[in-house]
Amino acid sequence: MSTLTQSGSIEKPCTILINYDKGDPPQVNEFKQNFEHGTTEQKIETLKKVILYTINGEPIPQLLMPIILYVMPSNDHTIKKLLLIYWEVIEKTHLGKLKSEMILVCNSLLNDLNHPNEFVRGSTLRFLCKLREAEVLEPLVPSVRTNLENRHAYCRRNAVLAIYNIYSHFDYLIPDAPELIYNFLLQEKDASCKRNAFIMLFNCAPEKAVEYLSSVLDEVPTFGDMLQFIVVELIRKVCKTSPSERSKYIKCIFTLLNSSSPAVKYESAGTLLSLSSAPTAVRGAASAYIDLLCNESDNNVKMIVLDKLIEIKKNHSKIMEELVMDILRALSSPNIDICKKVLNIVLDSVTPKNIDEIILFLKKEINKTQSKEFDKGLEYRHLLIRTIHVSSLKYPEVLGNVVPLLMEYLGDSYLPSAVDVVIFLREVVETYPTLRELIIKKLIENLSSIKVSKVYRVAVWVIAEYVTCLEDLQYAMTSITNDLEELLKPKQTEEVILETKAKVKIEKVSIQKLIADGDWYLASCISSSLTKLYFRAEQLNIDNADSNKLKAQVMMIISVLINLSKASQVSTSKSAYERMLSCIQVLIDCNPTIKKIWLQDCRDSFTNYLKYLLIKQSENKKKTEKVVLVKPNNIISIRQLKSKKAFGPVDTEDDLIKAVGNTGETNKDQNEYSKISQLSGFSDPIYVEAYVRVHQYDIVLEISVFNQTNDTLQNVTLELVTLGDLKICERVPPFTMAPREKTSAKASIKVSSTDNGVIMGTIAFDIAGSVSSMSDKNCVILNELHIDVIDYILPANHQYTDVLFRNHWLEFEWENKIPVNTNITDLVKYVHHISKVTNMGILTPEVHLSNDTGILSANLCAKSVFGEDALANICIEKQADGKISGYIRIRAKVQSIAVTLGEKIGNMGMKA
């Protein structure tokens, strides 16, 4: 909703808002006739129309007396309810004084407060909660007090709220309200009445609320959840202002942790954490959160609770380690995002004490995923495999039990799961030599079950790199040869035709089919692995006869693959073809230096890569962990001795600060000031500029309007129009400006996608005391305001893995290919420049970003606030003249984000 702030003006509170398409102007005479001579139904319909006109800016003050004379005496309950709404929305004062007609209204309200029907009494008392006119309220106070003793709880609880409103705004009308409500609270039995009374004392007389709470502290667990909620709030407030009172209320908070109300339990846990950091208190609060996590059905509640548990884990990791098995119960949730968060907490809470229990639990969960009735699917299995992978590498003593289990999923048809397993095995084989023989044997056994190209490539590389005996080497050769059997022994043409005709079922995925279908990169990897196997056999002192036989077998397989790639109708990658040829050449030459590169340097390179990954992980961990540094000359702040004057306020409402997104940091840099846009010229009679403040799903325009004339400008009207997926929530109302005055206005604009949007507008005005024959002279056309898509895009490299990037790259159907045109000559510098321009995170490790080869390929990823993913691949090379050439390919699930990012790169990708 747009708001307007003018010097000396106070906005009137709006308590009712109903949209109404007014259409024709109000027929005042017709309305009068209906009120005077119409039936009850006609009076009701007419009164509704009058209310709607009044709410939407067309008050009809001349109908006030007809309504008082002909409608107010009615005893119909619907009319009485509508009248209360009418009294609420009309203007009750004139030139700062109460209208004389309101005396008659006051008399009617007094009668309704003493009405025999409790509905009429209660609704009238509710209406008094919205009144801000002391002259109307003053004669009604005695009747309001009387209603505190009404036999109906509906009347009593509204009487409490009425007294609360009167005392809050005009305390002199009921000076003894706190004492009155305190005595009422001691005698009241109804839960809703007690809640309202306690809220009033809580806000207006905290000392009375504390006095009442002290007298009934042992009875708090028996209160209704509505009252318990307010009690928790009071305890939090009291303990912040009077820390010495904490011990008095801690026991009460502990008992409320077992409340049947989830809201009370949640607030109690938060309050307990704010009052005490003792292990018992933290454990109790964490247990309450875990209970909510496992028993609440609302996924939003579960996500909020998980965030709270993550905060506890940062400061009290040892306690969370004790409760990790309880947290694992939340994996029963069908929501995959909840399972991800739970497993992330578990990963950070793994210790030597609980690792065995965690692995056992995760094993059972993995076994559940094999059932056809299981509804969370393959992605959940991948999460479990990933968790076992990371946790078992932390504590290698469990690897003996984990490896055989994960080996079963090498043949998983779900790519991320199978890839994660084989990457895990590759890392274990290098890091833990004692397990090499076991893993190599199991890997060779499961080789034929692998159906994914990448998994097979890594598997044969691991076997060739780490095989330790000739027996396993021969077994590996036999297994690989069997997997390629149909390619090595092609059948006669007639047999192929007969078999094709006889086929009914769809052909199963196999390694030889992948190669036949054009996966020549797989063929080149198999060729290099077979070559390495031969060199490894020589290293293991194989006999000359067996060596020659093995070399011939390897060369024959590679030759068949080369011939297949030549004869294939599918285009062959030049690099794959040359790699297979180089393998033949290496086998023919048998150069000792080349052998060393294949057998030793390759392994050293992989070892260095793993070391780099460990260093990178530790760096990322340090970035996420908060390191509190206290300098020698820093002031020591002791809470009990802290004064507001010296150190700022004693208690800060942390929850409120977080809710509004204010972390206390005010970084007003050039980027912030660059969001100020000039909308009109300096020579225009009105100068307008706007500051664009982007929130998650909306834009707030903070518009500054300057009257540059010496005249008073009336009916200054700012009209805004949008292009794209932008929607103006409410227009700025007209206002008046004094000579040389500055006025501020706010307009809220809703955003529904990452399309680039444009805001256009005009500002029209009248000059006081003059009549203009040319209306266009009193209108200023504002400059267009472009909304940048980058404001809604955030880097997502911490959420993506290489496997997930490739999966999404294949899934996303919209692609935008942009040729590189830049004066930047440094390849790495250009990649970082594109990352900064598009606000996309670089997924490619820094170790792979280099200018040494003159060629660079990098992956970038980002996610919009609307959940739209965007991926980019940069392939560039340095030409002989020093210029960079190549392409940037952007892929996204929706067209708009791919197009807008492409435009952004085209416009800003030239210079750094």
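Helices (H or I, at least four residues) and strands (E, at least two) are DSSP runs, numbered from the N terminus. The structure is a predicted model, in which local features need pLDDT of at least 70 and side-chain atom pairs count only at pLDDT 80 or more, whereas totals for chains, interfaces and linings use all residues. Residues are numbered from 1 along each chain as its sequence is written, and side-chain values use heavy atoms, with hydrogens and water left out.

**Cavities**

A cavity is a set of points, on a 1 Å grid over the protein atoms alone, where a 1.4 Å probe fits but cannot get out; its lining residues have an atom within 4 Å of a point. Points are joined across faces, edges and corners, and a volume is the space filled by probe spheres set on them. Over the whole structure, 3 cavities of 30 Å³ or more are found.

In the table, nonpolar denotes Ala, Val, Leu, Ile, Met, Phe, Trp, Tyr, Cys and Pro, charged denotes Asp, Glu, Lys and Arg, and polar denotes the others, Gly among them.

| Cavity | Volume | Lining by class |
|---|---|---|
| Largest | about 40 Å³ | 5 nonpolar, 1 polar, 2 charged residues |

The lining of the largest cavity includes Met72, Lys80, Trp87 and Asp112. Both α4 (77-89) and α5 (102-113) supply at least two of its lining residues, and α4 gives the largest share, 4 residues. Around the second largest cavity lie Leu679, Leu701, Ile759 and Asn783, among others; strand β11 (residues 757-767) gives the most to that lining, with 3 residues.

**Strand pairing**

Two strands pair if DSSP finds at least two bridges between them. Strand β5 (residues 686-694) pairs antiparallel with strand β4 (residues 676-678) over 3 bridges, and Ile676 has Tyr691 of β5 as its bridge partner. Strand β6 (residues 698-707) also runs antiparallel to β5, joined by 9 bridges; here Val688 is partnered by Val705.

**Nonpolar cores**

A nonpolar core is a set of buried Ala, Val, Leu, Ile, Met, Phe, Trp, Tyr and Cys residues joined through side-chain atoms within 4.5 Å, buried meaning under 20% relative accessible area (1.4 Å probe, protein chains only). The largest core has 203 residues, of which Trp87, Leu128, Leu309 and Ile515 touch the most other members. Helix α16 (residues 279-295) gives the most to this core, with 10 residues. A second, separate core of 30 residues includes Leu679, Ile703, Val705 and Val716.

Technical notes
On a 1 Å grid over the protein atoms alone, a cavity is a set of points where a 1.4 Å probe fits but cannot get out, and a pocket is an open set with protein on both sides within 12 Å along at least five of seven lines; lining residues have an atom within 4 Å of a point. Buried means under 20% relative accessible area, exposed over 50%, partly exposed in between (1.4 Å probe, protein chains only).
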